[in-house]
Amino acid sequence: FSKGPKGKGKGKGGKGRLQQTYLLVQFTEKQISRTYDVYNSVGLAMDAVCELYEQALKAQTPRVQQITYDCTDLVNFIDRLPDLSCLVRMDNGNFQCFGKLWVQRQLFDHLKDQASQ
């Protein structure tokens with residue numbers, strides 16, 4: 001992850017609005033593996049979670065040209081991470097922290113929305 005805002009204004013949050021979202025990830029038990037990135041919406045942060053999983057799959061199977069997965073695989077990936085959470089700026093300007101279960105629900109809704117477009 002590089003640190004800094006991602007997305008250019010058109011990404012949509014939970015209810016079609018922009019919501020600054022910090023995606024916080026810990027990849028291993030070692031605290032040094034903690035990282036974060038900032039997105040302009042919850043939706044863009046959910047896209048980043050998918051990209052993280054795809055990168056992990058590519059690293060595990062570098063010779064495979066096409067990678068496919070389903071929501072269950074993505075949920076299992078999240079469950080295996082020592083930590084994954086989001087800080088989302090709410091309408092009142094304060095940030096609220098959400099954990100893995102919230103991220104999994106947001107991912108499911110986000111992917112369902114993308115599939116219906």
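This is a predicted model: local features need pLDDT of at least 70, side-chain atom pairs count only at pLDDT 80 or more; totals for chains, interfaces and linings use all residues.
Read from the N terminus, the elements come in the order β-β-β-α-α-β-β-α. Of the 117 residues in the chain, 32% are buried. Looking at contacts with a separation of 6 or more, 58% are between residues 24 or more positions apart.

Next comes the nonpolar interior. In soluble globular proteins, nonpolar side chains tend to be buried together. The largest nonpolar core in this model brings together 23 residues, and Leu-23, Met-46, Trp-102, Val-103 and Leu-107 are the ones with the most contacts inside it. At least two residues of this core come from each of β2 (21-26), α1 (42-60), α2 (71-80), β4 (83-89) and α3 (100-116). It is α1 that gives the largest share, with nine residues.

The helix α2 is worth a look of its own. Which of its residues are buried? They are Leu-74, Phe-77 and Ile-78. These three lie on the same side of α2, because they cover an arc of only 95 degrees around the axis. An α-helix has 3.6 residues a turn, so residues three or four places apart point the same way. As for what lies against them, the buried residues of α2 pack against α1, β4 and α3. At the start of α2, Asp-70 places a side-chain oxygen within 3.0 Å of the backbone nitrogen of Thr-72.

Finally, there are the aromatic rings, which form five pairs in the structure. One of these pairs joins Phe-98 and Trp-102, whose rings are stacked at 4.2 Å centre to centre with 20 degrees between the planes. Phe-98 and Trp-102 are both buried, and Trp-102 has already come up among the residues with the most contacts inside the largest nonpolar core. Elsewhere, Tyr-22, Tyr-36 and Phe-95 are linked by ring pairs into a cluster.

Methods. Residues are numbered from 1 along each chain as its sequence is written. Side-chain values use heavy atoms; hydrogens and water are left out. A nonpolar core is a set of buried Ala, Val, Leu, Ile, Met, Phe, Trp, Tyr and Cys residues joined through side-chain atoms within 4.5 Å. Buried means under 20% relative accessible area, exposed over 50%, partly exposed in between (1.4 Å probe, protein chains only). Helices (H or I, at least four residues) and strands (E, at least two) are DSSP runs, numbered from the N terminus. The arc is that of the directions from the helix axis to the C-beta atoms. Contact means heavy atoms within 4.5 Å. A polar contact is a pair of N or O atoms within 3.5 Å; within protein, one must be able to donate a hydrogen and the other to accept it, and residues adjacent in sequence count only if both atoms are side-chain atoms. Rings of Phe, Tyr and Trp (its six-membered ring) pair if their centres lie within 6.5 Å; planes under 30 degrees apart count as stacked, over 60 as edge-to-face and the rest as tilted.
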